[in-house]
Amino acid sequence: MRELGPGLWHGEAPHPQWEGSVRWGRLVSSYAIDDGGLLLLFDPLAPPREIVELAAGRETAIVLTCPWHERDARSLVERFGWPLFAPPPDSQEDLMRKYGVTAEEAAGGSPDLAWLPAGDRGGAHMYAAGDRLHVGVEAFPGWEHNDVVLWIENRRAVVVGDALVDFGQGLEMSPSEKLITPEQVAERLRPLLALPVEQVLATHGGPTDRAALERALG
């Protein structure tokens, strides 16, 4: 993990479940933001020793941009007891609507975050687009109800999940087979341009700037 600036780190590592997808690259990014009292880990993958040591002196939380970006969240929650903020996993009805599968095929809904205790999520906090988390993060809608873009006001930064990606051609709308077009997603995200965004932290790709966001959103 490299420090991009005071209190902001970027890490890149192979996704443990990558299976040669032509749509998603093997390497994915995660970020850590520290304000001196609060340390936030975004879509974390194997944070290095220096981040773990820093967390010992901070209030620390994990924030996911979508439930399928849980990556190493489970091991970190189980090891350190850090609270987890995440959009809710897809329900059975969500899977049927999105993928055209039967009720039997979608039974039980998505396995994402299934390791959280049933009926008692403990330190887990489910949130949705439009929510303002008490850890200083505001969620904007991405291309699904549980895929969001996160605005961190005190760092003038946004963390993007799957709505915006950079696979070597610059920041762009994610290729999607969902029930919404890239143009519709861009329309959802254009309110970000009214904010004083300076840094864009892509979890598929790496860090970039406001100019890249403006180009991606047209």
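**View A. Trp 82 is a buried residue, with a relative accessible area of 9%.** This close-up, like the others here, comes from a predicted model. Trp 82 counts as buried because 9% falls under the 20% cut-off. A search of the whole structure turns up 2 aromatic pairs. One of them joins Trp 82 to Phe 80, and this pair is stacked, with 4.4 Å centre to centre and 10° between the planes. If those two numbers look new to you, remember that a pair of aromatic rings is described by the distance of the centres and the angle of the planes.

**View B. Strand β11, residues 157-160, is covered on both faces.** Ala 157 and Val 159 are buried on one side, and Val 158 and Val 160 are buried on the other. A handy rule to keep in mind here is that in a regular strand the side chains alternate between the two faces of the sheet. Which residues stand beside Val 159 in the neighbouring strands? Leu 150 stands opposite Val 159, while in β14 its bridge partner is Leu 201.

**View C. β11 is joined to β10 on one hand and to β14 on the other.** Strands of a sheet pair through backbone hydrogen bonds, either parallel or antiparallel. Both kinds can be found in this view. β10 (residues 147-152) and β11 run antiparallel and are joined by 4 bridges. β11 and β14 (residues 199-202) run parallel, also with 4 bridges. Now follow the chain from β10 to β11: the two strands form a hairpin with 4 residues between them. In that turn you will find Arg 156, which has a positive phi of about 50°.

**View D. An open sheet is built from 6 strands.** Their order is β8-β9-β10-β11-β14-β15, and the pairing is mixed. Where are the edges of this sheet? They are β8 (132-133) and β15 (207-209), each of which pairs on one side only. Helix α4 (residues 182-189) lies across β9 and β10, running at about 165° to β9.

**View E. Glu 144 in strand β9 reaches Lys 98 through a side-chain contact.** The side chains of Glu 144 and Lys 98 are joined by a polar contact of 2.5 Å. Is Glu 144 buried or exposed? Glu 144 is buried, because its relative accessible area of 8% is under 20%.

**View F. The loop between β4 (38-42) and α1 (49-55) holds Asp 43, and Ala 46 lies in this loop too.** Asp 43 has a positive phi of about 45° although it is not a glycine. Ala 46, which is not a glycine either, also has a positive phi of about 45°. How do they stand in terms of accessibility? Asp 43 is buried, with a relative accessible area of 0%. Ala 46 counts as exposed because its relative accessibility is 52%, over the 50% cut-off.

How values were computed. Residues numbered from 1 in each chain as written. Predicted model: local features only at pLDDT ≥ 70, side-chain atom pairs only at ≥ 80, totals over all residues. Heavy atoms only, no water. Phe/Tyr/Trp six-rings, centres within 6.5 Å; stacked < 30°, edge-to-face > 60°. Buried < 20%, exposed > 50% of the residue type's maximum accessible area, 1.4 Å probe, protein only. Pairing = 2+ DSSP bridges. Contact = heavy atoms within 4.5 Å. Axes fitted to C-alpha atoms, helices over the stretch in contact; angles between N-to-C directions. Polar contact = N/O pair within 3.5 Å; in protein donor to acceptor, adjacent residues only side chain to side chain.
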